[in-house]
Amino acid sequence: MNPNELKQAVGSGLLSFPVTHFNQDLSFDEAKYRNHVEWLAGYDAAALFAAGGTGEFFSLNPAEIPQVVRAAKAAAGSTPIVSGTGYGTSLAVEIARSAEKAGADGLLLLPPYLMFAEQAGLIAHVKAVCKAVGVGVIVYNRDNAVLTAESLARLADECPNLIGYKDGVGDVDKVIEITTTLKDRLVYVGGMPTHEVYAQAYFAAGVTTYSSAVFNFVPALAQRFYAALRVGDQATVDAILKGFFFPLVSLRNRRKGYAVSIIKAGLRVLDRDPGPVRPPLIDLTAEEMAMLEKIVTTAG
């Protein structure tokens, strides 16, 4: 898939970030992962992001990432697969190349490890990854990698395969500046944790697609919510927010790292156990699992 085709695909609908399945010894469970990706692909995700944030990119070693990508490609049918990459520039380039070789249709560039940097350094980092591959690249604005509209415009001019911008900061005024400055040069993706609770504000800012973590275990509900947003069905949006997303976020906020842990727990509620999260994350307690099961059951 060439970069422009990926850009069009990503902007065409709802995006999903599959969890990565592990055995009890924390090794990659490829068979269960393939089954999960195949199941998600049946719910019309515009693209699936393998080894992304929800897929515990931060706990995978570089050799595992192409393994995850190959498994996703084998199971996803015609659904595009975007791989995570990140860390320092040299390692990000290495991962990007290995993911492309494994069949990834594109890349999501996550923030570099640990260090805060000036705009010139961030530009050099993004540019190095874009120049290393031929597939489309989406840059993730988050934490210690926050690019300005001016920096993104420069990168868009210098890197034809930079096709997207994902925001995980939540400064909607900055998002509006970026979408107004770059217009349709990039595809814009919402990337806040449990982004559905932010989606209405982002839609007004010109960000009309987003990554849905809950797509992992309630894909039909995720698509119904997204469809209601797109057509302005406020009654349905409000009902799903109040009946599902607000209680889910309240439970998610009980502990650090639960933005990922609660998604794997949701699959356990459906008897589709993806295995444990890897350290340093922790799994939900038995009490919290019971609370989650009630939320899912109430939402139907």
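Start with strand 6 and strand 7. They run parallel, and 4 bridges join them. Helices (H or I, at least four residues) and strands (E, at least two) are DSSP runs, numbered from the N terminus. Two strands pair if DSSP finds at least two bridges between them. Now zoom out. A closed barrel of 8 strands runs 1-2-3-4-5-6-7-8, with parallel pairing. As background, strands of a sheet pair through backbone hydrogen bonds, either parallel or antiparallel.

A word on method. This is a predicted model, where local features need pLDDT of at least 70 and side-chain atom pairs count only at pLDDT 80 or more, while totals for chains, interfaces and linings use all residues. Residues are numbered from 1 along each chain as its sequence is written, and side-chain values use heavy atoms, with hydrogens and water left out.

Next, helix 7. Which of its residues are buried? In helix 7, residues 172-182, they are Val175, Ile178, Thr179 and Leu182. Buried means under 20% relative accessible area, exposed over 50%, partly exposed in between, with a 1.4 Å probe and protein chains only. Why do they sit on the same side of helix 7? Because they cover an arc of only 95° around the axis. That arc is taken from the directions from the helix axis to the C-beta atoms. What covers these buried residues? The cover includes helix 6 (149-158), strand 6 (162-167), strand 7 (187-190) and helix 8 (199-204). Contact here means heavy atoms within 4.5 Å. After helix 7 comes Lys183, with a positive phi near 50°.

Helix 7 also takes us to a pocket. The second largest pocket holds about 190 Å³ of space. Its lining has 13 residues, and nearest its centre lie Asn141, Val146, Leu147, Thr148 and Lys174. Helix 6, strand 6 and helix 7 are the elements that give two or more residues to that lining. Helix 7 gives the most, with 3 residues. By class, the lining has 6 nonpolar, 2 polar and 5 charged residues. Ala, Val, Leu, Ile, Met, Phe, Trp, Tyr, Cys and Pro count as nonpolar, Asp, Glu, Lys and Arg as charged, and the others, Gly among them, as polar.

Points are joined across faces, edges and corners, and a volume is the space filled by probe spheres set on them.

Now the largest pocket. Its volume is about 840 Å³. It is lined by 32 residues, with Gly53, Phe58, Leu110, Arg142 and Asp143 nearest its centre. Helix 10 (234-252) and helix 11 (258-269) are the elements giving two or more residues to the lining. Helix 11 has the largest share, 4 residues. By class, we get 20 nonpolar, 8 polar and 4 charged.

Last, some backbone geometry. The Pro279 to Pro280 peptide bond is cis, with omega near 15°. Pro280 lies in the loop between helix 11 and helix 12 (286-299). That loop also holds Asp271. Asp271 is not a glycine, yet its phi is positive, about 60°. Asp271 is exposed, with a relative accessible area of 73%.

Definitions and conventions. 1 Å grid on protein atoms, 1.4 Å probe; cavity = no way out; pocket = protein on both sides within 12 Å on 5 of 7 lines; lining within 4 Å.
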